[in-house]
Amino acid sequence: MKSILLSCAVVLGCCLIAVKCEEDPLPDAENKDAAGTPGKEMKEEEGVYKSWQLDNTRFVKVKEFKGKLYVDIREHYEKDGQMLPGKKGILLNLAQFKVLRDHANDINDVIEQCQGNVK
């Protein structure tokens with residue numbers, strides 16, 4: 001089975017912070033699927049193939065929209081016990097995601113430099 005590596009980067013000050021999510025299982029505390037939010041139910045979205053939870057309100061999804069595949073990195077909010085997608089986020093087409101993925105090692109190098117962990 002192929003592992004899908006999703007990498008997203010957010011610019012904060014002088015450093016880049018990268019988040020990696022893999023389709024393969026993570027250690028217990030980190031292995032939460034989108035439905036893993038206690039007491040909250042994820043609203044099913046049409047065209048979503050797979051979803052990963054980054055933290056309490058942020059999710060990464062591989063989804064289809066108008067016949068094309070996208071990687072959606074988005075904050076969600078709670079309404080009536082359900083987690084719904086919000087306005088804050090980014091929808092990357094596959095070409096954009098591939099460019100981001102190809103720069104993942106460079107992004108991680110900059111993070112290490114910002115943290116003083118230069119190899």
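Is E75 buried, partly exposed or exposed? E75 is partly exposed, at a relative accessible area of 24%; buried denotes under 20% relative accessible area, exposed over 50%, and partly exposed the range in between, with a 1.4 Å probe and protein chains only. The model is predicted, so that local features need pLDDT of at least 70 and side-chain atom pairs count only at pLDDT 80 or more, while totals for chains, interfaces and linings use all residues. Residues are numbered from 1 along each chain as its sequence is written, and side-chain values use heavy atoms, with hydrogens and water left out.

**Figure 1. Overview of the protein chain and its confidence.** The protein chain contains two helices and seven strands, arranged along the sequence as β-β-β-β-β-β-β-α-α. Helices (H or I, at least four residues) and strands (E, at least two) are DSSP runs, numbered from the N terminus. Of its 119 residues, 26% count as buried. The accessible surface amounts to about 8400 Å², with 52% belonging to carbon and sulfur atoms; areas come from the Shrake-Rupley method with a 1.4 Å probe, and for residues only the protein chains shown count as cover. The mean pLDDT of the chain is 74, and 61% of the residues score at least 70; pLDDT is the predictor's confidence in each residue, from 0 to 100. Confidence is lowest in strand 1 (residues 5-12), with a mean of 34, and highest in helix 1 (residues 94-102), at 98.

Figure 2. A contact means heavy atoms within 4.5 Å. Where pLDDT is low, the predicted coordinates should not be read in detail.

Figure 3. Strand 5 (residues 58-65) pairs with strand 6 (residues 68-79) in the antiparallel sense over eight bridges; two strands pair if DSSP finds at least two bridges between them. F65 has K68 of strand 6 as its bridge partner. Two residues lie between the strands of this hairpin, and K66 in the turn has a positive phi of about 50 degrees, although K66 is not a glycine. K66 is exposed, with a relative accessible area of 74%.

Figure 4. Nine bridges join strand 6 to strand 7 (residues 82-93) in the antiparallel sense. K79 stands opposite Q82 in strand 7, and V71 has L92 of strand 7 as its bridge partner. The two strands form a hairpin with two residues between them. In the turn, D80 adopts a positive phi of about 55 degrees and is not a glycine. D80 counts as exposed, at 75% relative accessibility.

**Figure 5. The largest nonpolar core.** W52, V60, V62, V71, I73, L92, F97, L100, I107 and I111 make up this core of 10 residues. Strand 5, strand 6, helix 1 and helix 2 (104-114) are the elements that give two or more residues to it. A nonpolar core is a set of buried Ala, Val, Leu, Ile, Met, Phe, Trp, Tyr and Cys residues joined through side-chain atoms within 4.5 Å. Residues up to four places away in sequence aside, L92 touches Y70, V71, I73, F97 and L100.

**Figure 6. The salt-bridge network around R58.** A salt bridge is a side-chain nitrogen of Lys or Arg within 4 Å of a carboxyl oxygen of Asp or Glu, and the structure holds five salt bridges. D55, R58 and E75 are linked in a network of such bridges. The closest N and O atoms of D55 and R58 are 2.6 Å apart, and those of E75 and R58 are 3.0 Å apart. The latter pair links distant parts of the chain, with E75 in strand 6 and R58 in strand 5, 17 residues apart. D55 is partly exposed at 31% relative accessibility, and R58 is partly exposed at 37%.

**Figure 7. The salt bridge of D72 and R74.** D72 and R74 form a salt bridge, with the closest N and O atoms 3.0 Å apart. D72 is buried, with a relative accessible area of 3%, and R74 is buried as well, with a relative accessible area of 15%. Side chains of opposite charge can pair when their charged atoms come close.
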